[in-house]
Amino acid sequence: MTPAAHTSSNSTSKNYQTGKEGSHNLAKGLEHPDKIPVFTDLYEKREWMKQHMAGAFRVFGRKGYTEGSAGHISIKDPVQQGTFWINPLNKHFSLINASDLVHIDMECNVLPTGAQVAVNAAGFSIHAAIHKARPDIVAACHTHSIYGKAYSTFGRELEMINQDVCMLYKRHVVFTNFGGIALDSQEGEEIAEALGENGVAAILQNHGLLTVGSTVDEAAYLFTLMENSCRAQLLCDAAAASGIKKNIIPDDVAQYTLHMTGDMETLYAEFQPDLNYEVAMTKGEFLK
């Protein structure tokens, strides 16, 4: 029998004061080097967003999140409302450049401003529904990564078993109504509804993981965090099955950690090391 996890009570005597959210919480001595840039030219912002989206694909490719034609990232277009960018069908994540991205509207018409190629039908259904339902969301990521789809079979939320996963404290959901590949709009709409008004991540039961963010960097970092958290959870559950108890982080500590490290500025910054590594390793190839 698997022993029950227990919550540590060590924090009960501590007074967790929360300050202002932001990446400054992780920087000492000088300002944090990775701030979200502000643009006055929306066309310049579009190109920057596309480059970071292509970079996210390169990171996902290097981390092994590919599975055939499955998996997609999207960003809302800052210039033309009601449209978004998504990856071309059947192009490996590790080969995607900014110029390969496809610009589509909410009816999946391929617009002349992007690459002229088909997109993944399930990807369109999921991302269009999410972008319609959540005006605050700029980007969404979904792949069939190995630990995410393995953990998704249990249909349960992640436990607060380490510092990193606290970034998802009460902000991730489980979508249980898997109905096969999402080729029509209904499942996409149901996923968007399950995310709710404030959710940033979803475990899609028997399917995989999905994350959203105010930048593609935020959504992409949250995805890597979700994948790693699913892996850690599976390892801990396996150890618990042999008789080792799990210590669950208390709610007040999890909430404090979320407040200090889970805001959009910090999550954007957390993705920059992986992105900068891709720039160095590819000599900036994906930026073109």
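Visitor: Let us begin with strands. Which residue of β8 is the bridge partner of A140?

Guide: Helices (H or I, at least four residues) and strands (E, at least two) are DSSP runs, numbered from the N terminus, and two strands pair if DSSP finds at least two bridges between them. Here, the partner of A140 in β8 is V212. This bridge belongs to the antiparallel pairing of β5 with strand β8 (residues 208-213), which has five bridges.

Visitor: On what kind of model does this reading rest?

Guide: This is a predicted model, in which local features need pLDDT of at least 70 and side-chain atom pairs count only at pLDDT 80 or more, while totals for chains, interfaces and linings use all residues. Residues are numbered from 1 along each chain as its sequence is written, and side-chain values use heavy atoms, with hydrogens and water left out.

Visitor: Which other strand is joined to β5 by four bridges?

Guide: Strand β2 (residues 72-76) is joined to β5 in this way, and the two run antiparallel. Within that pairing, H72 has H142 of β5 as its bridge partner.

Visitor: Why is β5 described as largely enclosed by the rest of the structure?

Guide: Burial is judged by relative accessible area: buried means under 20%, exposed over 50%, and partly exposed in between (1.4 Å probe, protein chains only). Strand β5 (residues 139-143) is largely enclosed because five of its five residues are buried. A139, C141 and T143 point one way, A140 and H142 point the other way, and all are buried.

Visitor: How should I read the nonpolar core, and which residues touch the most other members of the largest one?

Guide: In soluble globular proteins, nonpolar side chains tend to be buried together. A nonpolar core is a set of buried Ala, Val, Leu, Ile, Met, Phe, Trp, Tyr and Cys residues joined through side-chain atoms within 4.5 Å. The largest core here has 61 residues, of which F60 and L168 touch the most other members. Helix α5 (residues 216-240) supplies the largest share of this core, nine residues. A second, separate core has nine residues, among them F84, I86, V102 and F124.

Visitor: With which residues is F60 in contact, apart from its neighbours within four places in sequence?

Guide: Contact means heavy atoms within 4.5 Å. By that criterion, F60 is in contact with Y65, I73, F93, C141, T143, A220, F223 and T224.

Visitor: May we turn to β3 and β4? What is the bridge partner of T83 in β4?

Guide: T83, a residue of strand β3, has D105 as its partner in β4. The two strands pair in the antiparallel sense over four bridges. Because its relative accessibility is 5%, T83 counts as buried. A polar contact is a pair of N or O atoms within 3.5 Å; within protein, one must be able to donate a hydrogen and the other to accept it, and residues adjacent in sequence count only if both atoms are side-chain atoms. The side chain of T83 reaches the backbone oxygen of Q80 at 2.6 Å. In β4, V102 and I104 on one side and H103 and D105 on the other are all buried.

Visitor: How many salt bridges does the structure hold?

Guide: A salt bridge is a side-chain nitrogen of Lys or Arg within 4 Å of a carboxyl oxygen of Asp or Glu. The structure holds eleven. One of them joins K50 to E47, with the closest N and O atoms 3.5 Å apart. The two residues are separated by about one helical turn because they are three residues apart in helix α1 (residues 42-63).

Visitor: Which residue forms a salt bridge with E285?

Guide: That residue is R58, with the closest N and O atoms 3.3 Å apart. The pair links distant parts of the chain, 227 residues apart: E285 lies in the segment after α7 (264-282) and R58 in helix α1. E285 is partly exposed at 37% relative accessibility, whereas R58 is buried at 5%.

Visitor: Which parts does the salt bridge between R156 and D237 tie together?

Guide: The closest N and O atoms of this pair are 2.2 Å apart. R156 lies in the loop between α3 (146-152) and β6 (172-175) and D237 in helix α5, so parts 81 residues apart in sequence are tied together. Through shared partners, salt bridges join R156, E159, D237 and K246 into one network.
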